[in-house]
Amino acid sequence: MTSTLTRPHRFIVEKLGAARLTFRLQAIQRRLVMRLEQLHFLGLPCPRWGHPTIAAEESGEGELIHFNVSASLRWIRLVSGYRGTLRIPKELNP
């Protein structure tokens, strides 16, 4: 799975295959939480009732970033999910 993230204005936009997802970022209890605002598929906007429920959170400590992401649809339930830890190399860690 290849994903590209950009940050136009106040949002994060993720391009994932034929989908473009726009997220609002919130800092909640030392975690970064991404809330889905818009979804486009094949360039067309999807109605809000068709949006997946996405839980996306990140937290960090030192050189580690922990992430937990899941996506589900009302009528199918869990579609995708992943979690893990990334280590930031010391030369990139301010």
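Buried here means under 20% relative accessible area, with exposed over 50% and partly exposed in between, using a 1.4 Å probe and protein chains only. Before going on, a word on the model: it is predicted, so local features need pLDDT of at least 70 and side-chain atom pairs count only at pLDDT 80 or more, while totals for chains, interfaces and linings use all residues. Residues are numbered from 1 along each chain as its sequence is written, and side-chain values use heavy atoms, with hydrogens and water left out.

Back to Thr22, then. Thr22 sits in strand E3, residues 19-28; strands (E, at least two residues) and helices (H or I, at least four) are DSSP runs, numbered from the N terminus. What is Thr22 in contact with, leaving aside its neighbours within four places in sequence? The list is Phe11, Ile12, Val13, Arg35, Leu36, Glu37 and Gln38, where contact means heavy atoms within 4.5 Å.

Now the strands around E3. Strand E2 (residues 11-16) runs antiparallel to E3, joined by six bridges; two strands pair if DSSP finds at least two bridges between them. Lys15 is the residue opposite Arg20 in E3. The hairpin of E2 and E3 has two residues between the strands, and Gly17 takes a positive phi near 65° there.

On to E4. E3 and E4 are also an antiparallel pair, over 10 bridges, and Arg24 has Arg35 in E4 as its bridge partner. Their hairpin has two residues between the strands too, and Gln29 in the turn shows a positive phi of about 45°.

Is His40 buried or exposed? His40 is buried, with a relative accessible area of 13%. Its place is in E4, which covers residues 31-41. Beyond four places in sequence, His40 is in contact with Ala18, Ala19, Arg20 and Pro45.

Next, the nonpolar core, meaning a set of buried Ala, Val, Leu, Ile, Met, Phe, Trp, Tyr and Cys residues joined through side-chain atoms within 4.5 Å. The largest one has 11 residues: Ile12, Ala19, Leu21, Phe23, Met34, Leu36, Leu39, Ile54, Ala56, Val69 and Ala71. E3, E4, strand E6 (53-61) and E7 are the elements that give two or more residues to this core. As a general point, nonpolar side chains tend to be buried together in soluble globular proteins.

Not counting residues up to four places away in sequence, Ala71 touches Thr53, Ile54, Arg77, Leu78, Val79 and Ser80. Strand E7 (residues 64-73) pairs with strand E8 (residues 77-87) in the antiparallel sense, over 10 bridges. Phe67 stands opposite Gly84 in E8, and the hairpin from E7 to E8 goes through three residues.

Finally, the whole chain. The protein has zero helices and eight strands. Its C-alpha trace spans about 40 × 30 × 25 Å along the principal axes. Of its 94 residues, 21% count as buried. And among contacts between residues at least 6 apart in sequence, 14% join residues at least 24 apart. Thanks, and I'm happy to chat about any of these!
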